Amino acid sequence: MIGATVKIQNSTLAVSSNEYGFYSLLLPQGKHTVVVSYTGYNAVTLNIDIKANLKKDWELSTGQNLNEVVIASVRKDQNLSSPAMGTETLNIKAIEKLPVLFGEKDVLKTIQLLPGIKSTGEGSSGFSVRGGAADQNLILLDEAPVYNASHLLGFFSTFNSDALKDASIIKGNSPAQYGGRLSSVMDVKMKDGNNQSYHVNGGIGVISSRLSVEGPIQKDRSSFIVSGRRTYADLFLKLSEDFKDSKLYFYDLNAKANYQINESNRIYVSGYFGRDVLGFGDTFGTDWGNTTATVRWNSIINSQLFSNTSLIYSDYNYNINLKSGETDFGVNSKIRDWNLKQDFSYFANAKHSIRMGMQSIHHLLKPSTFTGTVSATFERQQRRSWENAVYVSDDYKASEALIFNVGARLSVFTVLGGGTYTIFNQGVPTDMVALDKGALGKTYANIEPRFTANYRASEMSSIKAGYARNVQYLHLLGNSTGGNPTDQWIASSYTIKPEIADQFSIGYSKNLNDNNYEINVEGYYKSMRNQIDFKNGAEIFAAADVESELLFGKGRAYGLELIAKKKSGKLTGWISYTLSKTERQINGINNSEWYNARQDKTHDISVVTTYELSRKWTLSGLFVYSTGNAVTYPTGKYEIDGQTVFQYSNRNADRLPAYHRMDLSATYEPKSNKRFQGSWTFGIYNIYGRENPYSINFEDNPDVPNTTRAMQVSLFKWVPNVTYNFKF
Amino acid sequence: MKNIIKLLMLLVLFSSCEKEIDLDLDDRSGALVIDGNITDQPGPYYVQLTKSVPFTQTNQYPAVTGAVVTISDQTGRQDQLVYEGNGRYKTTTLTSVPGNVYTLKVVVDGKTYTSSSRLPLVVPLDSLTQDSIKFGSEVRYAVRPIYTDPATLGNSYRFIISVNGKSNKAYNLVTDNINNGKVNQRAFPIINDDDLEEVNKGDQITVEMHGLDLPVYTYYNALAEITGRGGVTPADPPSNVSGGALGRFSAHTVAKKSMVLK
């Protein structure tokens with residue numbers, strides 16, 4: 001259990017468990033009363049008498065009559081007592097009742113309601129953190145990176161809530177144990193499974209159905225959980241004469257097991273497999289998906305030293321097949337990681353707790369390759385690379401009021417041999433490097449300092465400041481706004497330099513009314529180097545080397561984030577507001593002048609509320625408003641070859657109309673004394689039917705010859721949903 | 001391909017809707033537009049000079065008159081074009097030779113614009129074959145131009161497809177970065193631009209094949225990307241004209257074949 005509080009009664013001594021559920025507390029000899037608590041669970045109290053080192057494991061049970069909290073803070077005043085900045089943790093139980101598109105509760109969509117985190121498009125699971133691109137988020141599922149966290153072009157995420165325990169996001173100021181992406185770390189943990197008794201839960205919705213089974217393998221010692229989800233839109237397609245040969249579905253499978261070897265050692269094995277499949281008969285077919293696997297060994301070496309060793313595998317690939325007449329054409333691409341991590345937590349004394357460790361990742365990237373009767377003139381080469389890091393950080397309690405987290409990460413990225421690398425300058429080849437298999441090529445090394453400080457100004461308020469450098473060695477190439485499953489990951493090379501971001505932030509937190517209300521304000525400034533974009537008219541698939549099609553530049557983002565939460569009572573929820581600016585300057589784009597990044601949205605507001613009407617009924621609603629995306633509209637038109645061509649001027653100088661909508665949902669949980677419990681959720685997405693622009697297209701007007709028109713495409717007006725959930 | 005996926009998603013799954021909207025667009029019209037062509041076919045060849053107009057106006061483009069327009073090749077042959085009307089300037093003496101590099105020079109309002117383009121060697125279009133793609137119960141026709149790409153790298157092509165004499169607007173582009181030196185395998189969907197009017201058996205299909213100079217291919221490729229609904233951030237396509245004019249100067253080969261859909 002992550003972030004449970006272990007507190008000694010009548011003293012200020014308290015610690016939180018780390019992400020592996022481990023804690024260490026130094027106490028004077030004698031009698032103490034220990035209280036262990038965790039939001040959503042009943043607190044446990046125990047009297048102990050300390051004579052020597054004592055190891056105590058706790059088991060907490062879910063409370064029957066606890067108020068639902070929307071965002072679960074790990075400690076009531078966690079926002080004041082921890083040096084963590086820009087960090088939000090979502091308790092999966094707590095987000096269950098929020099309204100969502102098609103009733104598919106989705107942690108990636110819920111986080112978009114938090115300040116500083118913006119949706120990349122209508123109904124999309126893609127998100128941008130503090131002006132970063134969607135690929136600048138490190139999305140981890142049980143420590144394994146998920147390279148494409150979306151299903152069905154982004155309308156659903158790969159995260160099946162039934163299989164998840166919790167999720168937290170760190171907006172740039174991550175501690176030194178995390179690295180590899182510029183903007184954020186989204187750390188998603190799977191449930192461990194109940195080690196006492198068997199349980200089944202599931203749900204039936206309009207889009208998909210879910211089923212999970214969990215239980216002990218050996219009571220008290222080991223447990224498992226298996227969770228699956230599949231959509232069934234294709235079953236309706238089968239009913240239609242026109243689409244009976246069509247395929248359109250995705251599925252997910254999550255599984256996890258853990259085994260306690262002895263009191264001090266425990267092994268966890270977890271895996272994810274998901275796939276999207278789309279096709280028409282044998283004419284056209286495409287499928288894509290992620291596979292991840294994690295084996296983790298937790299070991300308590302002594303009362304102060306805790307070790308976590310993980311071996312992680314992650315794979316994302318896609319295949320496309322087209323068949324017409326005698327032409328049989330395919331494209332496929334893949335990214336695969338092997339990753340070894342070693343992490344130590346050392347609880348040195350009451351003032352210092354140290355984290356240190358290393359990480360080594362072997363990347364294999366296979367760029368899009370043609371198969372079948374069509375072949376590329378230039379065979380694109382597989383690329384191998386090796387990413388290593390060592391880190392150390394210290395949680396230092398300088399005084400009761402002043403806490404620091406100081407750390408550094410040294411990351412080293414090496415291009416591995418097995419191919420020829422061309423060096424490009426602004427798309428023009430300047431040199432070639434041939435590397436034998438196994439040879440070490442271009443190496444980049446970066447020191448990434450991380451620092452946060454928390455000054456507890458008063459019992460109910462604190463001031464924070466932080467700085468972090470993050471370096472990113474893998475980059476996602478995509479030139480479309482929505483993000484496609486065919487967008488490719490590419491590694492740093494001789495031409496592509498690692499992206500580097502420096503972020504400065506300051507914050508103020510205040511709690512009111514016995515921590516029932518919480519207000520957090522944070523400001524940030526982030527500068528980014530070696531940002532990548534395609535040049536105009538880039539050849540993405542056909543270019544001999546996609547690196548010839550890239551341009552490089554820099555970015556800057558700054559903003560102010562505000563969130564006010566009400567955490568208990570019948571009415572809970574939050575209001576969040578972000579004021580921000582995000583710009584890019586790429587040599588060769590927009591006359592090499594600064595321009596608004598597409599995800600630059602000046603204002604972004606979310607209001608999220610849950611109201612417990614009665615024991616049986618819970619109502620929930622949300623409202624979002626944001627400035628429209630920065631886009632480029634035509635500034636004139638002309639004719640070439642008898643066809644209308646639009647003239648463009650400054651990049652992203654225009655705005656889509658503002659985006660806003662309201663969603664409502666109601667959950668009905670009939671009282672049941674039996675083991676079987678069922679509940680119904682009804683919801684409507686976009687209740688007042690706002691036609692938010694998904695895209696605006698400019699075209700010749702077919703109705704009035706010799707004129708042009710602007711057409712707005714909107715999705716999702718009044719999308720109702722109903723879901724039945726059960727557990728026993 | 002991406003568009004197929006997107007379209008399908010929109011049609012099948014979601015309640016999408018499309019409507020015409022009014023936007024307050026910035027006006028930067030009045031820019032010089034050069035549409036110049038030279039082919040391997042007998043002349044005269046034309047260069048059209050117009051000005052861009054605001055988005056909200058009708059598609060009537062003001063002609064640019066009084067320009068001095070010359071085309072020369074690397075052998076020193078030069079032809080000053082004569083004004084014909086509607087912004088069209090016409091060559092009088094120039095004969096084209098595949099492989100030659102042609103330089104266009106336009107002097108207008110005291111400003112000079114230049115461009116050059118190499119007329120590619122001729123790649124013959126041998127024949128057309130018919131193909132069809134099944135989308136559910138619906139059959140979409142496609143046509144495959146048969147030609148053999150030369151072994152040397154750097155060839156690119158554009159195919160203009162007409163149904164019963166009406167050409168459609170799709171930019172069908174091919175580069176020999178794929179299948180260099182091989183017989184073409186790619187087929188292009190036959191679309192009737194007139195609001196998806198169906199293409200039927202018995203329709204006359206004409207394919208016009210243009211062998212392009214590489215910078216012109218890049219120009220069209222950029223145009224194709226911003227014309228499609230893929231969501232690429234639009235920008236003016238990279239022009240091979242220096243001096244800040246819109247448009248392009250293209251030396252290209254032309255070959256034509258027709259067939260009747262069976």
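The structure is a predicted model, in which local features require pLDDT of at least 70, side-chain atom pairs count only at pLDDT 80 or more, and totals for chains, interfaces and linings use all residues. Residues are numbered from 1 along each chain as its sequence is written, and chains are lettered from A and ligands numbered from 1 in the order in which they are written. The model scores ipTM 0.89 and pTM 0.84. Where pLDDT is low, predicted coordinates should not be read in detail.

Chain A contains four helices and 46 strands, these elements being DSSP runs numbered from the N terminus (helices H or I, at least four residues; strands E, at least two). Of its 728 residues, 45% count as buried. A residue is termed buried if 20 or more other C-beta atoms lie within 10 Å of its own, exposed if 12 or fewer, and partly exposed in between, with C-beta atoms placed from the backbone. Among contacts in chain A with a separation of 6 or more, 62% are made by residues 24 or more positions apart.

Several antiparallel pairings were identified in chain A, two strands being paired if DSSP finds at least two bridges between them. Strands β17 (residues 246-262) and β18 (residues 265-280) of chain A run antiparallel and are joined by 16 bridges. Two residues connect β17(A) to β18(A) in a hairpin, and Y259(A) has I267(A) of β18(A) as its bridge partner. On β18(A), 14 bridges also form with strand β19 (residues 284-302) of chain A, again in the antiparallel sense; here Y272(A) stands opposite T292(A). The hairpin of β18(A) and β19(A) has three residues between the strands, and G281(A) takes a positive phi near 40 degrees within this hairpin.

A further set of pairings involves β27(A). Strand β24 (residues 402-416) of chain A pairs with strand β27 (residues 440-458) of chain A over 14 bridges in the antiparallel sense, with L416(A) bridged to L440(A). Strand β28 (residues 461-472) of chain A is joined to β27(A) by seven antiparallel bridges, A453(A) having A465(A) as its partner. The hairpin formed by β27(A) and β28(A) has two residues between the strands.

One open sheet includes strands from both chains: its three strands are ordered β44(A)-β45(A)-β1(B) and pair in the antiparallel sense. The edge strands, each pairing on one side only, are β44 (693-700) of chain A and β1 (17-21) of chain B. Neighbouring strands of this sheet are turned by 30 degrees against each other on average, direction ignored; the axes are lines fitted to C-alpha atoms (for helices over the stretch in contact), and angles run from 0 to 180 degrees between N-to-C directions. Seven bridges link β44(A) with strand β45 (residues 708-714) of chain A, including that between N697(A) and M711(A).

Chain B has two helices and 18 strands, and 36% of its 262 residues are buried. Its domain assignment, with bounds from an automatic or database assignment, comprises domain 1 (32-118) and domain 2 (127-230 + 253-260). The C-alpha centres of the two domains of chain B lie 26 Å apart, and six residues of domain 1 are in contact with four residues of domain 2.

An open antiparallel sheet of five strands in chain B has the order β5-β4-β8-β9-β17, with β5 (78-80) and β17 (241-242) at its edges. Strand β9 (residues 111-118) of chain B pairs with β17(B) over two bridges, and S115(B) stands opposite V241(B). In strand β3 (residues 46-51) of chain B, L49(B) counts as buried because it has 27 C-beta neighbours inside 10 Å. Beyond its neighbours within four places in sequence, L49(B) is in contact with residues including L32(B), I34(B), V64(B) and Y89(B).

How values were computed. Contact = placed C-beta atoms within 7 Å.
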